[in-house]
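Please look at the sequence and the structure before reading on.

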Amino acid sequence: MTHPQLPTWPAGGADGFRRSEVSAHVGSGDDVWDRASRDILHWMVKTRSGFHVDDARAVTSGARLTITARVLDITVREPVEVADVVITPSRVGFAYRTLAGHPVSGEEAFIVHREGTDVFLTVRSLTSPAPQQPWRSLHPLLRVAQIVARRRYLRSLR
């Protein structure tokens with residue numbers, strides 16, 4: 001759905017999902033590329049943004065794990081499954097899909113890519129309200145939380 005392997009995310013195919021794609025410059029040069037490529041595949045975008053990942057090994061397609069966040073002394077559990085992993089000389093990243101019990105339904109991708117010597121992080125997401133309560137009724141608040149999280153993601157690899 002979020003196609004981390006593609007430089008341009010094709011429109012369409014996401015009926016009922018809110019679509020977001022944001023990017024930030026991480027830095028320039030081979031050292032930045034090497035570090036960002038390694039960090040993206042070890043969940044650093046999530047962990048440096050305030051989340052805990054229960055398995056910090058390198059991402060692998062099909063892996064199921066739980067991401068947690070603490071909000072106002074409440075632990076929020078986010079079960080996910082890695083849907084896709086891409087590793088090429090100019091593009092490294094992955095996408096995960098939400099599983100039952102996650103506060104939203106959808107998919108999110110984190111991609112590090114090169115343009116010349118410049119290194120960028122792109123975050124793509126497709127989300128809709130989760131089918132279960134209380135998350136479904138809390139979706140408007142979760143949208144605000146997503147915006148805050150995306151800002152943190154974009155700063156996480158600098």
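Predicted model: local features only at pLDDT ≥ 70, side-chain atom pairs only at ≥ 80, totals over all residues.

**Helix α3**

- Helix α3 covers residues 139–155, 17 residues in total, and its first and last C-alpha atoms are 25 Å apart. This is close to the 24 Å expected at 1.5 Å a residue.
- The buried residues of α3 are His-139, Leu-142, Gln-146, Ala-149, Arg-150, Tyr-153 and Leu-154. Viewed down the axis of α3, these buried residues fall within an arc of 130°, so they line one face of the helix.
- An α-helix has 3.6 residues a turn, so residues three or four places apart point the same way.
- Pro-140, Leu-141, Val-144 and Arg-151 are exposed, and they sit on the face of α3 turned away from its buried side.
- The buried residues of α3 are covered by elements that include the strands β1 (18–28), β6 (104–115) and β7 (118–129), together with the helix α2 (44–47).

**Helix α1**

- In helix α1, which spans residues 30–40, the buried residues are Val-32, Trp-33, Ala-36, Ser-37, Asp-39 and Ile-40. These residues cover an arc of only 165° around the axis, which puts them on the same side of α1.
- Asp-30 and Asp-31 are exposed on the face of α1 turned away from its buried side.
- The cover over the buried residues of α1 includes β1, α2, β5, β6 and β7.

**The largest pocket**

- The largest pocket holds about 710 Å³ of space, and 32 residues line it.
- Phe-51, Glu-78, Leu-142, Ala-145 and Gln-146 are the lining residues nearest the centre of the largest pocket.
- Two or more lining residues come from each of β3 (64–71), β4 (74–87), β5 (91–98), β6, β7 and α3. Of these, α3 gives the most, with nine residues.
- By type, the lining of the largest pocket divides into 18 nonpolar, seven polar and seven charged residues.

**Ala-145**

- Ala-145 belongs to helix α3 and is among the residues nearest the centre of the largest pocket.
- Is Ala-145 partly exposed or buried? Buried would require under 20% relative accessible area, and exposed over 50%. Ala-145 has 41% relative accessibility, so it counts as partly exposed.
- Between Ala-145 and Val-71 there are 10.0 Å in space, C-alpha to C-alpha, although the two are 74 residues apart in sequence.

How values were computed:
Residues numbered from 1 in each chain as written. Heavy atoms only, no water. Helix = DSSP H or I, 4+ residues; strand = E, 2+ residues; numbered from the N terminus. Expected span 1.5 Å × (residues − 1). Buried < 20%, exposed > 50% of the residue type's maximum accessible area, 1.4 Å probe, protein only. Arc of directions from axis to C-beta. Contact = heavy atoms within 4.5 Å. 1 Å grid on protein atoms, 1.4 Å probe; cavity = no way out; pocket = protein on both sides within 12 Å on 5 of 7 lines; lining within 4 Å. Points joined across faces, edges and corners; volume = space filled by probe spheres on them. Nonpolar A, V, L, I, M, F, W, Y, C, P; charged D, E, K, R; others polar.
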